Amino acid sequence: MTKYSKTIIFFLLIYGQTFSQTCEKFDRKLFHSLPDNFPDSINCKDKFAKKQGWWIYYKVQYNPVDKPDELEKGDYVQDYFYGQYADDRKIGTWHTVMNVHLIYDQREDSYYYSQDTSRVTSWFADGGFNESDILYIKDSTIIKSTSLAAKEKYPICIDCDKKNKICIMTYRNETIKKFPFDSFGTEFEKTFFMYDRDKKSIDKKQQ
């Protein structure tokens, strides 16, 4: 075998290892709320390094002292986030699970796609059930969202237009504020715990 042939074989071996599918094994007993049909291998990437199939985002920690009725001594996962990917894109419903002492779904995020839009609907537990819906149009050049805080009757809405670099936040068709397009993420999160005074003022006006 020539030196040139050996080089070619070595290159092919490295290339195959680099671009073949990779997956991760996990300790199933550390996760207390997974579907019955959940696979033994997770967090797979295909030969193009794109995420595929079931994924879990988690961190293994160690508890040095047994805590009766709460947490056994040994490895544990405080919480985890799981769902499915298709070609690097989240699909279907993703769950955030609180995994110690009380085992429950703290959050659900569902992902939907069409030709030129994508949509994320969510609910999460925090003093009750909070709900939200975010619609992204044409590569996020336009964003529309609604946020319904726990025990609230009317949602806060946000309409953003990247072309004009502006977002408008409203409640019951009344403007609360305007802000830059790039601040959407921060302002969206605030809709669940701020603006009580604005909402009460608008409610009173519309009685």
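## Paired strands and their hairpins

Two strands count as paired if DSSP finds at least two bridges between them, and strands here are DSSP runs (E, at least two residues), as helices are (H or I, at least four), numbered from the N terminus. With that in hand, strand 4 (residues 74-86) and strand 5 (residues 89-98) run antiparallel and are joined by seven bridges. This is a predicted model, where local features need pLDDT of at least 70, side-chain atom pairs count only at pLDDT 80 or more, and totals for chains, interfaces and linings use all residues. Residues are numbered from 1 along each chain as its sequence is written, and side-chain values use heavy atoms, with hydrogens and water left out.

Gln-84 sits opposite Ile-91 of strand 5. Two residues lie between strands 4 and 5 in their hairpin, where Asp-87 has a positive phi near 55°.

Strand 5 also pairs with strand 6 (residues 104-113), antiparallel and over seven bridges. There, Gly-92 faces Tyr-111 of strand 6. This hairpin has five residues between its strands, and His-101 in the turn takes a positive phi of about 65°.

## Two nonpolar cores

A nonpolar core is a set of buried Ala, Val, Leu, Ile, Met, Phe, Trp, Tyr and Cys residues joined through side-chain atoms within 4.5 Å; buried means under 20% relative accessible area (1.4 Å probe, protein chains only). The largest one has 18 residues, and Ile-158, Cys-160, Met-169, Ile-176 and Phe-184 have the most contacts inside it. Strand 10 (156-161), strand 11 (166-171), strand 12 (174-180) and helix 2 (184-190) each give it two or more residues. Another core, of twelve residues, lies apart from it and includes Leu-30, Phe-31, Ile-56 and Val-97.

Methods:
Buried < 20%, exposed > 50% of the residue type's maximum accessible area, 1.4 Å probe, protein only.
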